[in-house]
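Hi there,

Here is the structure I promised to pass on. Have a look at it first, and my notes follow below.

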Amino acid sequence: MSAFSWLRSLWAGILHGSSVRSEMEQELRTHIALRADDLECSGLSRGEAERRARIEFGGFEKVRETMHEALGGHLLRTLAQDLRYALRMLRKTPGLAIIAVASLALGIGANTAIFSLTNALLLDAMPVAHPEQLRLLAWQAQHQFGYKSLPMESLYGSVGFAKTGTATGTEFSWEEYEALRQNQAVFDGFTAYFHGGGANIEGGNDLERGTLEYVAPNFFDVLGVRTAAGRTMLPSDGSRGGAPVVVLSDWIWRDMFGRSPSIIGKTIEVNRVPLTVVGVAPQSFHGAGVDLDPALYLPLQLQPQISPDAWDRGKSRLQNGDTWWVRILGRIKPGVTNAQAAAALDGIFRQTAKATLHHADRIDQESVHLVVQPGGRGDAQRTDTEFVPMAIGLSALAALVLVLACVNLANLLLARAATRRRELSVRMALGARRGRVARQLLTESMMLALFGGVAGVALGFALRNVIPHFLEHQPTSFDWRVYAFAAGLTLLTGLLFGGIPAWRATGVEIRKGLQDGARSTADRSHSRLGRSLVVLQVCLSMILLTGAGLFVRTVRNLLDAPLGFAPHHILLFDLVLPRREYATPEQSAAAFRQLTDRLRALPGVEAASFSAEALVSGDKWTANFDPTGEPKGKDVACTNIVGDGFFHTMEIPLREGRDFGPQDTAPSPKVAIVNEQLARQFFPHRDPIGLTFNTPPIRIVGIAGDTKFSTLRQAPPPTYYLPESQNGQRNAGLFEVKTAGNPTALVNAARRTVRSFDPQLFAGDIRTQQEQIDDTIRNERLFEMLTAAFGGLALVLACIGIYGIMAYTVSQRTSEIGIRMALGAEPRRVMRAILGEAWWMTAIGIAAGIVGALAVGRLAASLLYGVQAWDAVSLCGSAAVLGAVALAAGWFPARRAAKVDPMQALRTE
Amino acid sequence: VSGEAQILPGTLDLLILKTVSLGPLHGYGVLLRIGQISGQALLIEQGALYPALFRLVRQGLLKATWGTSDNNRRAKFYELTTAGRKRLREETDGWRRLAAAIGAALSAEPEEA
């Protein structure tokens with residue numbers, strides 16, 4: 001058929017569709033009448049003649065349908081017909097429709113929410129001009145001893161140690177940045193930044209806490225980001241002695257200043273340093289990464305002034321070539337490859353490193369070289385190390401739930417198709433072809449899928465911020481990729497759970513289908529398929545439940561692991577002292593001590609102290625540990641600077657020696673307290689008390705009990721504590737307040753105490769020690785919550801599946817059961833037989849599920865703590881719960897079978 | 001019946017075109033005429049006829065008009081269009097060539113092979 005005639009016929013079909021169709025029917029009727037006329041002539045009665053004519057003609061429906069198909073627009077018309085019919089069928093079985101739509105909505109919703117996160121984390125580039133041209137600089141070294149053999153003395157960032165023996169980092173010293181910037185010719189733009197951590201922001205009578213992004217003055221221009229208001233930074237803003245300026249993020253502009261344009265030119269204070277607002281970043285921009293949400297953008301040169309760090313020991317990082325902290329982004333010139341760019345810069349890089357590093361010899365020793373990486377996503381470090389495994393795990397989990405929902409629906413539809421066998425047989429006897437009926441059934445399931453998909457997207461949209469919130473990630477956006485994903489998923493699920501039942505149901509033999517109460521082989525094969533689906537369901541549920549068990553136990557184990565200190569009743573808050581008023585170390589030390597005394601005097605406070613870092617904060621602060629008389633720069637240990645009464649407040653026991661005391665003053669000999677792990681590791685056969693380490697020498701005066709340091713997972717590392725009285729020069733610290741009762745009751749009192757001490761100070765980020773700890777196990781908690789929720793859902797679906805298939809079996813076998821009971825079978829035996837069947841399916845499913853759960857457990861091993869994939873408690877517990885649920889789900893149909901009245905059952909036959 | 005023959009696929013259209021070329025006919029008439037001119041040797045399934053007629057009309061080979069049958073029933077009469085006549089000629093020639101070729105092939109003697 002030519003395209004033209006097809007179009008013409010389509011047009012005619014749309015325009016005159018109904019008249020063409022009635023003409024067709026008229027013609028067929030005429031045919032039968034003419035044939036009947038002839039038969040009548042041969043001597044038959046009129047009625048008999050018409051009957052014979054119709055039989056001879058055959059399937060009227062089939063002929064009509066073939067002709068209809070030849071008519072254009074056929075598919076559209078039958079689709080509309082099928083949709084109407086499908087809606088009618090769904091209205092007739094609202095229970096099924098609700099279960100289907102609800103379970104699909106949950107499955108698709110969970111997948112959509114998780115995909116939107118994955119999308120944002122793994123696929124999004126930064127919202128800048130031509131992100132594909134951006135490159136992130138990195139260095140690579142052949143490492144031999146981990147951190148301690150790296151050439152630089154301090155490093156702000158994490159180093160990736162690959163199994164191949166290379167260490168990779170993306171931080172550089174300020175001098176490296178300057179040298180590279182001035183001597184490079186392969187980049188069109190070259191800029192640097194540093195994620196600066198939290199700070200207090202004051203302006204317009206409002207106070208916020210947010211993270212700072214320190215940037216080179218050309219940062220916005222190189223990225224091609226235009227400000228929403230005001231200007232970007234000028235080169236003079238960054239130069240030493242230049243005006244202190246700041247660019248606001250959109251959320252700070254909104255939350256603190258109501259998006260008022262008049263903020264440009266005004267002054268805000270960051271950690272009490274006044275800065276002039278020159279511009280506002282656009283709403284879509286979130287700094288040099290896809291997993292950040294900084295509050296302010298400031299010139300890198302302000303870092304020593306605004307975010308002084310205890311570990312810089314009063315030295316500006318801008319002048320310290322041994323502190324590697326800034327990250328470098330460049331816009332590569334067209335046609336230059338990464339390897340060419342790296343080769344062009346490597347010489348300057350190595351030359352500068354040798355000139356500025358204390359351990360310059362290591363540059364050759366460890367073969368340190370510059371490499372150029374893709375930079376369109378910024379550094380995305382948290383993404384790669386933390387979110388990628390997370391996203392894969394979550395996606396797998398959500399996919400499992402969706403498969404489960406599909407299997408469940410396939411089973412329900414299969415059972416329902418069986419009850420509709422007579423209807424389908426009648427339609428096929430009238431000449432409807434198999435494909436046509438299958439299409440009708442598929443339309444019904446696609447409609448269910450569509451409703452489920454729409455509800456799922458709505459659910460996903462509602463939940464889109466829940467998981468990012470857990471991960472402390474900025475809210476994800478729903479873009480076309482998410483919608484395309486949800487649409488594809490919906491289509492796939494509809495085909496998946498509707499396809500097999502539709503094909504199976506239309507494969508019946510018409511004659512058998514029409515026999516009332518027929519027990520055909522097709523019927524048995526349906527039950528077999530249905531049973532395999534139930535087994536699959538139980539298997540998937542087993543995997544999810546075991547996963548839930550493993551994560552619940554992981555979180556339990558993490559929380560039950562001995563900490564080495566008492567986290568209950570401890571309130572924490574940060575304090576930053578402004579440099580202007582507290583200029584000397586003596587002034588800030590005095591302020592810390594006086595404030596501690598005031599806190600101790602509060603009613604309900606048992607003890608108070610302060611330290612440089614919180615315990616179990618996720619951060620690991622390490623420093624050199626060189627026992628006197630041994631080679632230098634060989635080992636590192638964790639360290640913390642603590643105030644008076646720290647061990648008492650945190651209830652860390654002193655095993656030997658003495659606590660810090662008033663005798664430890666700035667001029668007196670330097671002292672330290674080490675933990676037992678350090679003593680065991682470095683002085684296995686000696687009493688460490690009285691020994692010294694580092695230069696100038698620090699004398700060990702006591703041994704404290706071991707405590708968890710940065711995370712709950714890590715065993716207590718070797719740690720040494722230094723007294724605050726000998727290690728001043730600090731303007732920031734953390735207070736620990738131990739209360740008699742609930743620590744949150746003291747939040748207001750603590751806040752007032754700080755204010756009354758100095759009205760321009762305030763207690764930042766007030767939290768309990770327990771909250772601090774919980775923060776570090778967010779990922780485990782998220783998995784615990786999701787596996788528990790998904791496991792519960794799986795249980796409900798398995799329950800519906802088992803009940804559905806058993807109820808169906810019983811209804812199909814009613815007459816058989818009736819005969820058995822008429823022949824004297826006891827109700828109890830009948831019940832046992834039915835229950836036995838449910839048990840078998842469950843047992844096989846559980847056995848298969850154990851295998852699956854072991855495999856999944858191995859994959860998730862890095863997220864587990866204190867449990868193995870073959871954890872007997874989780875496996876047995878899940879098996880027991882599933883078994884009980886299966887028994888309950890099978891019990892009702894079994895009881896109905898036992899109550900079959902033989903007379904009634906036989907009569908319906 | 002031994003005299004009956006199954007019609008080859010694709011030949012139904014040719015048969016219909018030939019039958020209708022002898023004079024306008026309604027569907028039932030086409031059926032009867034095919035039986036008549038083939039000496040009742042070719043029987044056509046009644047259900048297959050109408051889709052074929054419909055297809056030929058849509059291809060522009062036949063045209064249909066409503067009229068009245070001998071026994072006064074409203075029926076659709078089919079007749080050949082110019083395109084239909086041309087197609088009939090081509091198909092008839094093609095069929096004859098094919099039949100002759102197959103006939104020759106089937107009558108081949110063993111030694112000639």
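Helices (H or I, at least four residues) and strands (E, at least two) are DSSP runs, numbered from the N terminus. By that count, chain A has 29 helices and 25 strands.

Some bookkeeping: this is a predicted model, where local features need pLDDT of at least 70 and side-chain atom pairs count only at pLDDT 80 or more, while totals for chains, interfaces and linings use all residues. Residues are numbered from 1 along each chain as its sequence is written, and side-chain values use heavy atoms, with hydrogens and water left out.

Of the 909 residues in chain A, 54% are buried (under 20% relative accessible area; exposed is over 50%, partly exposed in between; 1.4 Å probe, protein chains only). Among contacts (heavy atoms within 4.5 Å) with a separation of 6 or more, 82% join residues 24 or more positions apart.

- Arg84(A) sits in helix H4 (residues 74–92). Arg84(A) counts as exposed because its relative accessibility is 55%.
- Leu136(A) belongs to strand E1 (residues 134–142). Leu136(A) counts as buried because its relative accessibility is 2%. Leaving aside neighbours within four places in sequence, the contacts of Leu136(A) include Thr170(A), Tyr193(A), Ile328(A), Val371(A) and Asp379(A). Thr170(A) is 34 residues from Leu136(A) along the chain, with 7.6 Å between their C-alpha atoms.

Happy browsing!

Conventions. Chains are lettered from A and ligands numbered from 1 in the order in which they are written.
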